[in-house]
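Try each task before you read its solution.

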Amino acid sequence: MMNSINVNDGLKIVERPAKILSMDPRRFILWLFIVTIVMLFASLTSAYIVRRAEGNWLSFELPFTFWVTSAILVLSSISIHWSLYSARKDNISNVKTGLIATLILGFGFLVGQVYAWGDLVRQDVFFVGNPSGSFLYVLTGIHGLHIISALVFLAIVIVLTFRYRVHSKKTLWVDLCATYWHFLDVLWLYLFGFLIINH
């Protein structure tokens, strides 16, 4: 938006246009993607509640492994936040360490989820059969797929870091990865809490 123009004694003075606030397109795309994920899980949990109210709902104990994987995911959020903090301080060694630790913890979370599914099978809770089991596998499975996408994103950021394309003046990729990772962490805690209350 251009400010007013003043003319005095034949001199034209043009003020600089006010700076327009804007969001980086990559950040905008990430937030748009996050919104779609929120809508997806909101619809799934709403359907879960509606179907549960109709009856014919199998009750079972949630695997203890879910508590373990929740703790792993919280630790991974701490490590990736440490990476972002280190990137802003130009401590690239700590950035690498934090990102690799997050990658390992992310894989640990996925392995733990597979073990949790094994615990469910031992309780005779299957994907096909009672809708309570079907919903549980769908909710945890779709979240797991998003964790896999975050691990791919994380691997790309690790490569960029080792190529010295991440530093204090260029932290966008670490920032975006951390934002997505924190979101998936909060999403899992929401899902786990939802399942504790409604399983």
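**Exercise 1. Find the side-chain partner of Ser 132, and decide whether Ser 132 is buried or exposed.**

Step 1: the side chains of Ser 132 and Asn 130 are joined by a polar contact of 2.8 Å. A polar contact is a pair of N or O atoms within 3.5 Å; within protein, one must be able to donate a hydrogen and the other to accept it, and residues adjacent in sequence count only if both atoms are side-chain atoms.

Step 2: Ser 132 belongs to helix α4. Helices (H or I, at least four residues) and strands (E, at least two) are DSSP runs, numbered from the N terminus.

Step 3: with 1% relative accessibility, Ser 132 counts as buried. Buried means under 20% relative accessible area, exposed over 50%, and partly exposed in between (1.4 Å probe, protein chains only).

A word on the model: it is predicted, so local features need pLDDT of at least 70 and side-chain atom pairs count only at pLDDT 80 or more, while totals for chains, interfaces and linings use all residues. Residues are numbered from 1 along each chain as its sequence is written, and side-chain values use heavy atoms, with hydrogens and water left out.

**Exercise 2. Describe how α4 packs against α5.**

Step 1: helix α4 (residues 131-162) and helix α5 (residues 172-198) meet at an angle of about 165°, and their axes are 10 Å apart. Axes are lines fitted to C-alpha atoms, for helices over the stretch in contact, and angles run from 0 to 180 degrees between N-to-C directions.

Step 2: that makes α4 roughly antiparallel to α5, the term for angles over 145 degrees.

Step 3: sorted by class, the contact of α4 with α5 has 20 nonpolar, 4 polar and no charged residues. Ala, Val, Leu, Ile, Met, Phe, Trp, Tyr, Cys and Pro count as nonpolar, Asp, Glu, Lys and Arg as charged, and the others, Gly among them, as polar.

**Exercise 3. What is the phi of Asn 56, and what is that of Asp 124?**

Step 1: recall that most residues other than glycine have a negative phi.

Step 2: Asn 56, though not a glycine, has a positive phi of about 55°. Asn 56 sits in the loop between α1 (25-53) and α2 (65-88) and is exposed, with a relative accessible area of 58%.

Step 3: Asp 124 is not a glycine either, yet has a positive phi of about 65°. Asp 124 is in the loop between α3 and α4, and counts as exposed at 54% relative accessibility.

Key
Parallel < 35°, antiparallel > 145°, perpendicular 65-115°, else oblique.
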